[in-house]
Amino acid sequence: MRNFDYHRPADMSAAIDAARAEGAEILAGGTLMVDLMKIGVREPDALVDITGLADLEGHDIGMDRIRFGALARMADVADDQTLKTAAPVLTESLWKAASPQLRQAARLGGNILQQTRCPYFRDTAYSQCNKRAPGSGCAALDGGKTNLHAILGGSDDCVAMYPGDWAQALIAFDAEVHTQGPGGTRTISFADLHVMPGDTPQIETILEPGEIVKHITVPVIPALKASHYLKARDRESYAFASASAAVGLEMEGETVRDVRIGLGGVAAVPWRARQAEEHLKGKSLTEETARETGRIAFADASPLEGSEYKIKLGADVVAGALMTAHARSQGGE
Amino acid sequence: MPKTPGPPHLGLSRRSLLGTSGAVGAGLGLAGSADAQQTGPELAAFNTAQITLNVNGKRRTLNVEPRTTLVEALRDDMGLTGTKIGCNQGQCGACTVLLNGRRMNSCLILAITADGAEVVTIEGLADPAGRLHPMQEAFAEHDAFQCGYCTPGQILSAIGCIDEGHAKSAAEIREYMSGNLCRCGAYPNIVAAIESVRDGQEG
Amino acid sequence: MAQTLNTAVSRTDAPRKVTGTATYAADVIPAGMLHGALATSSIAVGTLTGLDTSAAEAEPGVVAVYTHENLPDYKSVKGFYAGGPGSASFWPMEGTEIKYAGQPIAYVVAETAAAARRGAQLITADYDSRPADVHMDPADSFVIGATGDSKGMVATKGDVPKGLAEAAQTLDVEYTTPFQHHNPMEMFASTAEWRGDRLTVWMPSQSVRTLRLGIAKAFGLPETSVRVISPFVGGAFGSKAGITPYAMLTIAAAKAVGAPVRLIVTRPQMYTVATFRPESVQRFRLGADETGKLTAFEHIEIAQTSQFDVVTNPGTHITRAMYASPNIHTEQRVARSDTNTGGFMRAPNEMQTFFGLEQAMDELAHKLGIDPVEMRRVNDTDRHPVEDVPFSSRSLMECYDSVSDTFGWADRTAEVGSMTDGDWLVGYGCATATYPTNILASNARVRMRGTGHAYIELAAHDVGTGSYTIFAQIAAARLGLPVEACDVVMGHGDMPVAPLAGGSGTAASAGSAVHDACLRIGRLVAAEVSRQPEGPLAGVSADRITLEDGVLRGPDGHSQSLVEALASTATTEVEAVGEFRHPALTDKLIRATFSGGYGTAGPVTPECAMFAFGAEMAEVHINRWTHEIRVPRAHGAFAAGTILNRKTAHSQLMGGMVWGIGSALHEVTEVDKPRARYLNANIAEYLVPVNADIREIRVEMLEERDDYVNPLGVKGIGELGIVGTAAAIANAVHHATGRRLRHLPIRMSDLV
């Protein structure tokens, strides 16, 4: 790891000042940043440790919205029994991620900003990686097969997959991200936070230098209660999703009034399957309509060799998640 | 051209090797220090910072580089080699310690960020009379290891697992102990050991 | 058998392992120690044309950077498969040639581990790169040392085409298995300290003898000037057997820099600086009559090897011992590709070959409509099918009967896809496990005191296998002492020779040497007390006194405990070096072991075939939505002669089955074929089972007596557990889904 300068500012304005400096990066739980620094993928000149900003801790569940501090720990939020009942998708997508120890250290603000596990990005022996070294090319496109590449949202310059789980629930449920930076405070729709790779895959979010995530809010809607995060992976725990779905349902009798679908393990950025949602609205929820909805969610997929199976897998996972959400909407599990 | 190897700089302190310019602490805002609003890092001013940790009930003061991880501070600077490094990437759990009561991978914690923290390692589990912690006893009794390398991390993680309330069933223990890889495959015995401690019936 | 054997005894090293006081190699910090780090090649094949070390040298804390240009010379040693002590025959940093991706190209020494690793990151290299090929091409394969001799790499009996023509059903299939890496939890580490011409190396090792001799040879030192210390090993599984480049480079760097140096290899580098399980193709042609009896058996194994070694792990030696058939042909082939040299990884000949064989048997049984267990029963044999010698013991069908009972095989409905549990498809599968009994020469020194203590010393290893405990138990049983009064010291290269900890041979061979040393102590003490003027055995002819469970017995019923007898002698202390030299061990084999190699007699001797056997059954669940494959239950019944310690043996067999689950569903080293580089060289994306993957594992250890293999009747259990698991799971997947998956691992991508 390259050495660096370390700051631990006591208040927000000092943090912004330190973080906006050229070469500075923000440090919270460190589970992502320290890992990437060790392998030489990120080499900041300075780390600005924001864990002293007490205002960014904690979370609370209001009548209209749920607020998560950027410094709330994954483990603490995942263990909140009230949240588990009110919005199961928001706890399930946390405890099914990473490991117990990582969830104790990792903070939610960092969680949503995690970077791809693409091996060509993480192994600096590869000179070609447009995300790590803009303009250098993409070794994944003619590389060996892995199941880590995006089948949705990738570009000719980058097929890296966004690996996170919680973000799929956030995007599906219209979360907002509240930040403060050199230009003041702003509220960003979660759907706008991440940027499609296009020809600038090195740009992953719209956050400006020095802009710090303060908290994340999720509006309370009926579909949150009948929600579910289904994660398919080759081992039972401590693995990234091969495909996952964050879903929620609001039923009106036998008819789907509202449905939310976020897709993990398959896309370049947190992904919401809006077309699939629209398809299901107004229909009844049966195995058949659930499977059809799943297929529509992947209608535009373009997999690399080796990732083709994700089209079928992802569709089945969406369908399975919808079936569970439906059972929950009926008061069952 | 490779450098001709010279005599090692064994007589030099780390500061004299690393502190090529600037004063100690320049550009280094430490936790709780008055100059916390320091900005504009001086790149040439890397140096060690003094931190204090409470390790296993003992106050330890040491100098660390910002990049020094907690596990290397424990092992190389404090000689507490009971904590193991299994991947150095937060992927295996061998380096698990309790940091302010929470189980964490000490390979991903920068020591400087732990300034002022309480750390419990495997060396700190037995009571002052040398009696083993019940979890240590249970691991021995249930043969919850073979090679023993992941064991310190497993034991600390197991204590955390029960403290968090995630040991209510075998299935829950399995899930909440999945951050600790055991390549020898002792998992069922690890679960049995934790259940026995949970039930207070070990022995 | 004495009380302390065949019982469940807690590990004697458990207190150290649960308190963090067991010292693994990287836990030793000699005064003034510096830290090493490796820089490795980004290309796989080519020539190094330039190496810029200036930035590394300028990094604060970096003390020295070594390359092929300034590293002290040492004499490189041959690889294991070429009869040497090395992990491979090609040694990096001797010149500019690059033969595999991740090959060491520079060695950085610094004051801290962080500075050393940073220095290594700052080294840049230019290469003249050539295309690399990691496509193992069976068409380019060749037979290993073909002799036509059935002990060799080709065996033929009868006429396979004729047997196939006569069969009611035939099968002609190919199975593939991937590259796998051992990934012990302990990272490879090596600490070297020179004091003048005396060298001490701390390094996790499965063979301190091999290391000591090899290092002495490489650095031109007398053997007595080299100390190799490896008291605790954090898992090995075959990865810590030979001298690796990382060790040799550390020793050289420590010599050059004039201070002790410790290197902890990074987890990604662990994939390229040591050995691995080579990928393989397993071709089977089988024929059987209506009753399931084999009429033809052909197995051709093609395993990957490097460009500079021929890895010889003859799996067909094992498969051809399994089932009776009048017509048999087996061939052991290899094909080269551009990697480092592979080696042995837990059940190196058996995991891959039995994934093939035991699925092939299942496929044939399915075609014939015969129950898979019955398929094994009708082909069971009490003589080696090729060598035509009897098995020293073979309890295969007893194992099947036992496991069928605990598992509930009778509940299996034969029809594919006929069993479900909610959203899960359910399948049951079974497979045979076997492992050859290796017979190796060993010595052991036992010192006993009249105070009732014994000290056992030998250059053996406890890689998590429980050796510390079972040697103490053997001594306790023979000498009549409590286990805790028997101190075992191991893992030093200058102790009495014991074999490499591999091939499940330590308990059988080194254990037999401990046993022999104890008997010798009995004779020495008997001689003393028989000469004494008084005492229960005074005047009894020494050669008529026997030692039984710690009691010296004369022919007339007089007896005295060994401890009392010893306490009554003038010295009150006695020492003996025991030897294990099985009659089947030739001088050549003994010499091989004593010079750091692996001189095993067997598994087939002129009189006997020696194998341990087992039967495994697995229940597989496949989710109808996620297609996830889980194994809620795996049962195994094993017969491996005497079980010395039912607790540690249970753990070993269980651990083997966990490995089998990993091989079946998780483990694969993915390769970027165009660049011959590993893609998942870490322990997050190289999946191994986590706790949540392992639910019910049941292990039954059957009573079995084998008087031929060694005086203890031990056949070895370290690898047996893994052998049948992957095939049992694959067979269960077929039972659940009708899908025949002839490759490993089996993933949900195969089942969507």
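This briefing describes selected helices, residues and peptide bonds in a predicted model. Local features were taken only at pLDDT of at least 70 and side-chain atom pairs only at pLDDT 80 or more, while totals for chains, interfaces and linings use all residues, and side-chain values use heavy atoms, without hydrogens and water. Residues are numbered from 1 along each chain as its sequence is written, with chains lettered from A in the order in which they are written. Helices (H or I, at least four residues) and strands (E, at least two) are DSSP runs, numbered from the N terminus.

**Helix pairs in chain C**

- Two packed helices are described by the angle between their axes and the distance between the axes. Axes are lines fitted to C-alpha atoms, for helices over the stretch in contact, and angles run from 0 to 180 degrees between N-to-C directions.
- Angles under 35 degrees count as roughly parallel, over 145 as roughly antiparallel, 65 to 115 as roughly perpendicular and the rest as oblique.
- Helix α16 (residues 646-665) and helix α18 (residues 725-737) of chain C have axes 7 Å apart, at an angle of about 50°. This angle makes α16(C) oblique to α18(C).
- The crossing of α16(C) and α18(C) is right-handed; a crossing has this hand if the near helix is turned clockwise from the far one by less than a right angle, and is left-handed if anticlockwise.
- Contact means heavy atoms within 4.5 Å. On the α16(C) side the residues in contact include C:Gly656, C:Met657 and C:Gly660, and on the α18(C) side they include C:Thr725 and C:Ile729. Six residues of this contact are nonpolar, three are polar and none is charged.
- For these classes, Ala, Val, Leu, Ile, Met, Phe, Trp, Tyr, Cys and Pro count as nonpolar, Asp, Glu, Lys and Arg as charged, and the others, Gly among them, as polar.
- Helix α12 (residues 467-479) of chain C and α13(C) cross at roughly 30°, and their axes come within 9 Å. The two helices are therefore roughly parallel to each other, and their crossing is right-handed.
- Among the residues that meet are C:Phe471 and C:Arg478 in α12(C) and C:Val514 and C:His515 in α13(C). The contact of α12(C) with α13(C) has eleven nonpolar, four polar and one charged residues.

**Helix α13 of chain C**

- α13(C) covers residues 506-531, and its 26 residues reach 37 Å from first to last C-alpha, close to the expected 38 Å. The expected span is 1.5 Å times one less than the number of residues.
- Of the 26 residues of α13(C), 19 are buried. Buried means under 20% relative accessible area, exposed over 50% and partly exposed in between (1.4 Å probe, protein chains only).

**Helix α9 of chain C and its end**

- α9(C) is largely enclosed by the rest of the structure, because 16 of its 18 residues are buried.
- Helix α9 (residues 351-368) and helix α10 (residues 372-379) of chain C cross at roughly 105°, with axes that come within 9 Å. They are therefore roughly perpendicular to each other.
- C:Leu368 lies in α9 of chain C and is buried, at a relative accessible area of 18%.
- Leaving out residues up to four places away in sequence, C:Leu368 touches residues including C:Gln169, C:Ala288 and C:Met375.
- The C-alpha atoms of C:Leu368 and C:Thr291 are separated by 8.0 Å, although the two residues are 77 apart along the chain.
- Just after α9(C), C:Gly369 has a positive phi of about 70°.

**Backbone details**

- The peptide bond from C:Gly602 to C:Pro603 is cis, with omega near 15°. C:Pro603 is in the loop between α15 (587-594) and β26 (611-623) of chain C.
- A cis peptide bond also runs from C:Leu744 to C:Pro745, with omega near -15°. C:Pro745 is in the segment after α18 of chain C.
- B:Asn100 is not a glycine, and its phi is near 50°, a positive value. B:Asn100 counts as exposed, at 51% relative accessibility.
- C:His627 has a positive phi of about 65° although it is not a glycine. C:His627 is buried, with a relative accessible area of 9%.
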